[in-house]
Amino acid sequence: MILLLIDFDGVILDTKKISFDIFSKCLKKLQNCKDLKLIKKLYKKSDGFDLLTISKLLANYYKTDYLTFYKFLEFEWKEAYKKKTLNKDISNFFDFIKNLDVKIVIFSSSDFKNIKKILSNKLKKIDFIKKEFDHKFLLNKTTLDKIKKLKKGAQKFINIDDNININKQISKLNFINIHYEINTNKKDLTEIFISTLLKNRINFYYKISSLNRMKLESSNFKLPKSITKSLINKFNKFKNKGFFNGNLNYLHDIGFKNKKLYITSFKNYYSLRLSRHYISLAVQGFIIIGLNKYLICKRKKVIFEKNLYEFVPSGGLTKFSKRDLFFQIKNECYEESNLKINNKDINFIAIYVDFDQNTLDFICKINIKKFDNLKNQINLSNEHWNFILKDKKYLKNNINKFTNSSKKVINNL
């Protein structure tokens, strides 16, 4: 799981102009301040802080009570939020992110009631940490402790904020920072976020409700011949063991727009898997027998993850289309287990990008309701041995005996 902290004002909502206007109005109304240079100076000092901290900063400067500032700012912001809605790019980002295995935490100095009203249509559950500051105007210990507590359940940590000082503090907690200012960055937030996942080689599991929510495309991308030749030479030792250096599809790019995931691939030899720099595309099915039995086998004649249990069927994609996904999984199922399945038995549920094994798996659930004489029907290929039928409890208790993609399936059962 990925822990994602995301700021609200300046990242999700474009409130930069409103923020300054409210601040300026506050000083003009309450302190009769007409000095624009002073207003800008004080605004710069208070940028990114919660209303209470801003109010205390102003009270300290003007040697007066902070409550007057706080009540004024609170009212003005409440009225301002009533007029704000998510723009198309940010709405698209939430459409993408809600299908990832991420814990989204709104990390903001804004009032949670205002945030909830705006995001309730996009997020079913909204987790929130309020940015609170100490006397040095740094995130206080309480705030940092809340973040540290959330980190315990995640493998990777990403923070999105438009405030450089906040980003510097969060980076000390081993977060990958995305500095993003809405309507300022050339790329939209979804594109930047996906690029961050790929650049930092962060494994991610993306749920799909239907293949209609995906568009698969091919690219003419070609590797330099010198690299291809070098990889073929590296593959020779495996070739002598009977491995075939055929064609495979590899990931070229991932994008998301209008609630649809776009995956672009390119073709190359199987030997490119040895470079560990390119993601190969594959299908990974898991067979449910009846209501609660899962068919698992041990890997045998393979280069990667040998002697670990995995779900069957699975295999690399030699062709790349929605039709080919079904064809490949049916073909692999017959070759690996001697079981014949139909399209109606197959339900694609997710993709899993695994940088540890450099694969992108199209994961599907295969339901086989009739299982009379199943043991007599199953005939394993030379890729596997020792097939067994186990329930969900066994899978979860023995998860470390499985391949990476199978582990991810078990975690999401």
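Asn183 counts as exposed because its relative accessibility is 56%, and exposed means over 50%. The model described here is predicted. Asn183 sits in the loop between strand S5 (176-179) and helix H9 (189-199). Its phi is near 65 degrees, a positive value in a residue other than glycine.

A positive phi is also found at Arg201, about 50 degrees, although Arg201 is not a glycine. This residue belongs to the loop between H9 and strand S6 (204-207). With a relative accessibility of 36%, Arg201 counts as partly exposed.

The table sets out the two residues.

| Residue | Phi | Relative accessibility |
|---|---|---|
| Asn183 | near 65 degrees | 56%, exposed |
| Arg201 | about 50 degrees | 36%, partly exposed |

Another backbone feature is the cis peptide bond that joins Val312 and Pro313, with omega about 5 degrees. Pro313 is in the loop between strand S12 (309-311) and strand S13 (314-316).

The remaining topic is the largest pocket, whose volume is about 1200 Å³. Its lining consists of 50 residues, of which Asp9, Asp47, Gly48, Phe49 and Ser109 are the closest to the pocket centre. Elements that give two or more residues to this lining are helix H1 (16-31), helix H2 (36-46), helix H3 (51-62), helix H4 (66-81), helix H6 (112-119) and helix H8 (164-171). H4 provides the largest share of the lining, six residues. By residue type, the lining of the largest pocket divides into 20 charged, 17 nonpolar and 13 polar residues.

Key:
Residues are numbered from 1 along each chain as its sequence is written. This is a predicted model: local features need pLDDT of at least 70, side-chain atom pairs count only at pLDDT 80 or more; totals for chains, interfaces and linings use all residues. Side-chain values use heavy atoms; hydrogens and water are left out. Helices (H or I, at least four residues) and strands (E, at least two) are DSSP runs, numbered from the N terminus. Buried means under 20% relative accessible area, exposed over 50%, partly exposed in between (1.4 Å probe, protein chains only). On a 1 Å grid over the protein atoms alone, a cavity is a set of points where a 1.4 Å probe fits but cannot get out, and a pocket is an open set with protein on both sides within 12 Å along at least five of seven lines; lining residues have an atom within 4 Å of a point. Grid points are joined across faces, edges and corners, and a volume is the space filled by probe spheres set on the points. Ala, Val, Leu, Ile, Met, Phe, Trp, Tyr, Cys and Pro count as nonpolar, Asp, Glu, Lys and Arg as charged, and the others, Gly among them, as polar.
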